[in-house]
Amino acid sequence: IQCLPNRITVTLEKASMPGLDMNYLKLRDPTCSLTSNLTHIIGVMSFTTCGTKVQEDGDYLVFTNAITSFQLPNEVIVRRRSVNIDFSCRFPKLLSVSSSFNVHDSDYVFTQSNFGTFGYRFDIYDDGNFSSKVQSSAYPVSVKLLQTLYMGIQAQSELPNVQIFVESCKGTPDDNSDNPIYYDLIKDGCAKDETLRVHPSKQTTFNFEVQSFKFSDYDQVYITCYLMLCDSDSLFSRCAQGCVKSPARRRRRGLSLETERHSVIQGPLRFTQEE
């Protein structure tokens with residue numbers, strides 16, 4: 001186990017576990033797959049992704065996850081060894097382990113077998129130049145109603161020729177992205193809010209601005225975006241499709257190289273009264 005300030009890396013030596021089949025192993029969140037080389041099976045995750053859980057132990061924070069084996073629903077018998085490997089990283093509370101464990105959750109790291117290790121960063125910026133980020137110490141970010149917000153998502157990947165696609169973004173009054181109270185900013189790749197403007201940027205960056213809003217009886221907003229990476233050269237990927245107003249027109253997965261859809265969250269944006 002390698003415990004770094006912004007991620008956990010776990011490696012399993014193949015020679016020590018003969019017969020181990022990576023295709024039937026998963027992390028707590030099965031959308032995060034493992035990768036491998038000739039000698040090892042590898043999993044990489046940040047402190048807020050892939051089902052990683054946190055608990056307090058006195059003066060320490062302990063981040064835990066597990067690699068387990070699974071069976072397919074139609075399998076009657078199996079001849080694969082059963083695997084259940086718990087692992088953890090332990091950090092003193094006084095140590096700043098990562099901005100990814102601050103309230104605003106800005107670092108996300110994933111692994112996927114056909115895409116290797118990749119990650120996202122979701123930031124709020126001071127202005128439309130998208131060069132000066134709001135610092136961690138400023139969270140929760142104080143905003144005024146109708147203020148223009150500048151936000152950006154950056155992707156990093158081991159593969160050289162990839163592009164980011166933000167399929168949807170929505171606001172909720174708390175950090176529960178499944179909250180039934182929500183407001184769509186982007187849906188199916190299409191802008192839904194009339195104040196939203198996407199700024200031109202490189203293919204691994206998504207910069208946008210939107211006018212701030214609030215929910216009745218709540219004084220804060222979180223923004224959750226769902227996104228993926230695709231091979232830039234693929235004409236059939238979800239990224240290449242862009243805005244699709246009819247879900248029936250979406251192409252089947254598997255026709256192109258693209259990641260699973262993942263979510264990133266930013267907030268809280270806390271509203272202050274006008275002076």
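What volume does the largest cavity have? The largest cavity has a volume of about 30 Å³, where a cavity is a set of points on a 1 Å grid over the protein atoms alone at which a 1.4 Å probe fits but cannot get out, and the volume is the space filled by probe spheres set on the points, joined across faces, edges and corners. The model is predicted, so local features need pLDDT of at least 70 and side-chain atom pairs count only at pLDDT 80 or more, while totals for chains, interfaces and linings use all residues. Residues are numbered from 1 along each chain as its sequence is written, and side-chain values use heavy atoms, with hydrogens and water left out.

**Cavity lining**
- Lining residues, which have an atom within 4 Å of a point, include Val-143, Leu-149, Ser-212 and Phe-213.
- By class, the lining of the largest cavity has seven nonpolar, one polar and no charged residues.

**Aromatic pairs**
- A search of the whole structure finds 12 aromatic pairs, counted when the ring centres of Phe, Tyr or Trp (its six-membered ring) lie within 6.5 Å, with planes under 30 degrees apart stacked, over 60 edge-to-face and the rest tilted.
- The rings of Phe-63 and Phe-91 have centres 6.1 Å apart and planes at 70°, so this pair is edge-to-face.
- Both Phe-63 and Phe-91 are buried (under 20% relative accessible area, with exposed over 50% and partly exposed in between, for a 1.4 Å probe and protein chains only).
- Ring pairs link Phe-47, Phe-63 and Phe-91 into a cluster.

How values were computed:
1 Å grid on protein atoms, 1.4 Å probe; cavity = no way out; pocket = protein on both sides within 12 Å on 5 of 7 lines; lining within 4 Å. Nonpolar A, V, L, I, M, F, W, Y, C, P; charged D, E, K, R; others polar.
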